[in-house]
Amino acid sequence: MGLLLPIVLGFLAALLGAMYLLGVFRQRRPGEPPLDKGLIPWLGHVLEFRRNTLKFLERMKRKHGDVFTIQLGGFYITFLQDPLSFGSLVKESREKLDFRKFAVQLVRKVFGYAALEDEHTILQLSSNKHLKGDGLELMTQAMMGNLQNLMLHNIGSATDQSSWIEDGLFKYSYNIVFRAGYLSLYGNQPHESDGSEEKAKEKDRAESEVLFHEFRKYDQLFPNLAYGVLTPGKKMEAERLMRFFWDKLSVQRMKAKDNISGWVWDIQQAKEEMGVEGSMIDRYMFVLLWASQGNTGPSSFWLLLFLMKHPEAMKAVKEEVDKVLKEFGQEVKRGGPIIALTREMLTRTPVLDSAVEETLRLTAAPLLTRAVLEDMTLKMADGREYFIRKGDRMAVFPYVAVHIDPEIHPEPHSFRYNRFLNPDGSKKTDFYKAGKRVKYYNMPWGAGVSMCPGRFFATNELKQFVFLMLVYFEFELKDPEVKIPEIDFTRWGFGSMQPQTDVEFRYRLRY
Ligand code: HEM
């Protein structure tokens with residue numbers, strides 16, 4: 001008996017400790033948001049959340065209102081769903097709400113990259129210099145050259161595309177935009193070593209094709225990799241793919257290229273100067289490839305598809321494109337020079353801008369997460385206040401809270417190409433909810449400290465691709481009645497959405 005008592009007490013203590021860790025004892029305290037732990041200890045709602053984040057959050061919103069705390073895989077996450085109060089999360093100081101902690105963990109898990117303290121400034125400095133202003137001019141030129149190489153290389157040749165070519169629209173758009181974006185950021189084959197410009201361009205086409213193929217494999221594994229639920233076989237495949245990209249994007253290989261972008265180059269240099277190991281920089285190159293190329297391709301697919309399914313939108317955009325070409329004294333004709341689409345020209349396309357913004361509203365669905373570093377008070381726009389605990393997380397899923405809120409965007413599931421246009425043709429920025437102006441009325445790029453630094457370049461990429469498609473190609477859906485495919489809901493929260501199925505189309509050169 002003397003021995004049994006300590007054993008029983010020890011067992012009870014261990015059991016209570018485990019129950020504590022599993023979150024069994026957590027109760028809502030006065031002043032805190034509604035707490036919903038779900039039925040499964042520790043895991044909480046993770047299964048339903050993963051199955052369909054959108055549906056789950058809609059259900060929680062109906063049940064608890066616009067602020068609630070849920071348990072997800074050992075974490076307590078407070079979701080803020082009132083867009084009028086987003087400023088409280090987006091502008092809160094870094095001492096209280098930090099996005100980096102979460103990003104660093106994710107990047108380590110998904111890309112094998114171990115970040116150093118303060119490394120983030122390198123990304124910010126390089127992005128400010130090269131993805132905005134004059135730097136963006138160079139990037140846009142590079143993108144144009146690479147798009148032309150991929151889309152128009154056999155124009156006028158015996159094997160040109162004057163007869164119809166059939167393809168999947170998703171496959172085609174993602175392929176072209178990924179490869180052109182990759183070449184613009186990571187550089188081209190040098191001409192000298194390959195004898196001629198044509199040979200170097202051919203190599204660029206072949207190399208980027210292989211890369212795209214492998215990227216798509218990784219892309220498809222990505223959601224389960226991020227949730228840590230890949231089968232052992234798939235995990236091995238993801239690791240093989242990572243090694244493939246670390247090698248292909250290694251600093252050593254990159255140094256042999258021409259036209260490597262200032263963005264990538266400066267980041268490499270700064271990391272080297274900071275003493276980051278070479279093999280880690282190689283890994284970071286893959287992180288950047290992912291961030292820069294995983295979203296724009298899928299978005300270009302949706303944009304083209306929406307235009308094809310909405311003839312009035314297609315007509316308005318085509319008219320604008322033709323007008324801009326004319327204003328800048330350019331014409332596309334057989335045997336004539338390939339058009340030089342400049343950044344300046346891309347600033348004269350309000351209709352296309354609105355169509356891009358509308359596409360992103362409907363198909364970009366990031367989940368913005370912050371770690372709560374100190375106990376804090378969440379102040380809502382209507383005066384309500386909630387206590388939020390240190391060690392928890394806060395999150396915003398703008399797709400539900402803003403993008404498809406019918407009060408902010410009437411008929412939210414319809415594509416209206418001119419939703420972001422005022423009647424006078426200027427950009428529309430005033431949207432309202434409950435009679436109050438909504439500042440964050442569309443959030444495909446996130447907001448605040450973690451807002452996408454590539455947003456200006458990404459928008460230009462989309463516009464350049466559509467511009468070239470419209471002026472050089474005739475294209476149509478194989479079945480004009482085909483339905484717009486459902487979004488693949490296993491990817492909610494991961495940026496630009498992908499369709500559940502591809503859509504067949506055909507295209508041929510106009511000239
Ligand atoms: C349609 C295309 C794109 C979409 C929808 C998109 C969306 C986003 C979003 C929502 C975030 C923030 C995630 C968060 O807060 O956790 C982000 C981050 C980021 N994006 Fe983009 N992005 C796109 C294209 C690009 C491009 C073309 C580049 C680079 C050339 C780029 C570079 C980055 C980087 C480096 C980050 C991380 C920023 C940081 O850690 O501070 N993105 N993107």
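In this briefing a residue is called buried if 20 or more other C-beta atoms lie within 10 Å of its own, exposed if 12 or fewer do, and partly exposed in between, with the C-beta atoms placed from the backbone. By that rule Cys452 counts as buried, because 20 C-beta neighbours lie inside 10 Å. The model is a predicted one, in which local features need pLDDT of at least 70 and side-chain atom pairs count only at pLDDT 80 or more, whereas totals for chains, interfaces and linings use all residues. Residues are numbered from 1 along each chain as its sequence is written.

**Overall fold**

- The secondary structure of the chain comes to 20 helices and 13 strands, where helices (H or I, at least four residues) and strands (E, at least two) are DSSP runs numbered from the N terminus.
- Along its principal axes the C-alpha trace spans about 95 × 55 × 40 Å, and 37% of the 511 residues count as buried.
- Of the contacts in the chain with a separation of 6 or more, 76% are accounted for by residues 24 or more positions apart, two residues being in contact if their C-beta atoms, placed from the backbone, lie within 7 Å.

- The domain assignment gives domain 1 (24-114 + 368-396) and domain 2 (120-366 + 399-509), with bounds that come from an automatic or database domain assignment.
- The C-alpha centres of domain 1 and domain 2 lie 30 Å apart, and 26 residues of domain 1 are in contact with 31 residues of domain 2.
- On the side of domain 1 that touches domain 2, helix H3 (53-64), helix H4 (86-90) and helix H5 (100-111) each supply at least two residues, and H5 gives the most, with six residues.
- The residues on this side of domain 1 divide into 15 nonpolar, five polar and six charged; Ala, Val, Leu, Ile, Met, Phe, Trp, Tyr, Cys and Pro count as nonpolar, Asp, Glu, Lys and Arg as charged, and the others, Gly among them, as polar.

**Positions annotated as binding sites**

- An unreviewed UniProt entry places the feature "binding site" at Lys109, Asn295 and Arg393; the positions are given in the numbering used here, feature names are shortened, and annotations may be inferred rather than shown by experiment.
- These three positions are spread over 285 residues of sequence and also in space, up to 25.1 Å between C-alpha atoms.
- Lys109 lies in helix H5 and counts as partly exposed, with 13 C-beta neighbours inside 10 Å.
- Asn295 lies in the loop between helix H14 (278-293) and helix H15 (296-309), where Asn295 is buried, with 25 other C-beta atoms within 10 Å.
- Leaving aside neighbours within four places in sequence, Asn295 is in contact with Ala458, Gly495 and Ser496.
- The unreviewed UniProt entry also places a "binding site" at Cys452, which lies in the loop between strand S11 (436-437) and H20 and touches Trp445 and Gly446, not counting residues up to four places away in sequence.

**Surroundings of the ligand**

- The ligand is surrounded by 22 residues, of which the closest are Ser292, Asn295, Ser450, Cys452 and Gly454; a residue is near a molecule or strand if its C-beta atom, placed from the backbone, lies within 6 Å of it.
- H14, H15 and helix H20 (455-472) each supply at least two residues of this shell, which by class has 13 nonpolar, nine polar and no charged residues.

**Arg348 and Glu358**

- Arg348 lies in the loop between helix H17 (343-346) and helix H18 (350-363) and counts as partly exposed, with 13 C-beta neighbours inside 10 Å.
- Glu358 has its place in helix H18 and counts as buried, with 25 C-beta neighbours inside 10 Å.
- Glu358 and Arg348 are ten residues apart in sequence and 18 Å apart in space, C-alpha to C-alpha.
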